[in-house]
Amino acid sequence: MLAVANQRPGVLERYALSREEVERSAWAIDREGRRLEGAAAISRGMTALGGYPSWFAAAYRVRPIGAVEDALYGWFAPRRSRFERLGIRPECDEPDSGCEER
């Protein structure tokens with residue numbers, strides 16, 4: 001699994017994503033080019049990590065749980081910048097990150 005900040009030069013073009021898409025949600029693109037968005041992308045990343053995270057990710061495949069996760073992600077995504085106060089700092093806010101200004 002490779003996590004890439006969407007503000008890095010060339011990322012949007014390489015993965016054929018628009019600025020609107022990456023601002024809306026997280027994305028996972030597998031080796032075959034399948035694209036997963038939002039909670040499905042987060043679940044795929046947790047599966048790739050293995051161990052305990054993959055156990056939680058397995059719940060996404062249970063239809064009612066996956067639907068709840070999609071709804072929660074839909075609520076969270078437009079508010080994610082508010083969660084910086086929990087100590088989560090975006091990669092591109094780090095000095096010398098190599099990210100482009102939006």
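Analyst: The crossing of H3 and H4 is left-handed: the near helix is turned anticlockwise from the far one by less than a right angle. Ser43, Met46, Thr47 and Leu49 of H3 make the contact with Gly51, Pro53, Ser54, Phe56 and Ala57 of H4. Contact means heavy atoms within 4.5 Å. Helix H3 spans residues 39–49 and helix H4 residues 51–58. Their axes come within 6 Å and cross at roughly 145°. Axes are lines fitted to C-alpha atoms over the stretch in contact, with angles from 0 to 180 degrees between N-to-C directions.

The model is predicted: local features need pLDDT of at least 70, side-chain atom pairs count only at pLDDT 80 or more, and totals for chains, interfaces and linings use all residues. Residues are numbered from 1 along each chain as its sequence is written, and side-chain values use heavy atoms, without hydrogens and water.

Now the setting. The protein has five helices and two strands, in the order α-α-β-β-α-α-α. Helices (H or I, at least four residues) and strands (E, at least two) are DSSP runs, numbered from the N terminus. The C-alpha atoms fill a box of roughly 40 × 35 × 25 Å along the principal axes. Of the 102 residues, 24% are buried, that is, under 20% relative accessible area with a 1.4 Å probe, counting protein chains only. Among contacts with a separation of 6 or more, 33% join residues 24 or more positions apart.

Definitions and conventions. Buried < 20%, exposed > 50% of the residue type's maximum accessible area, 1.4 Å probe, protein only.
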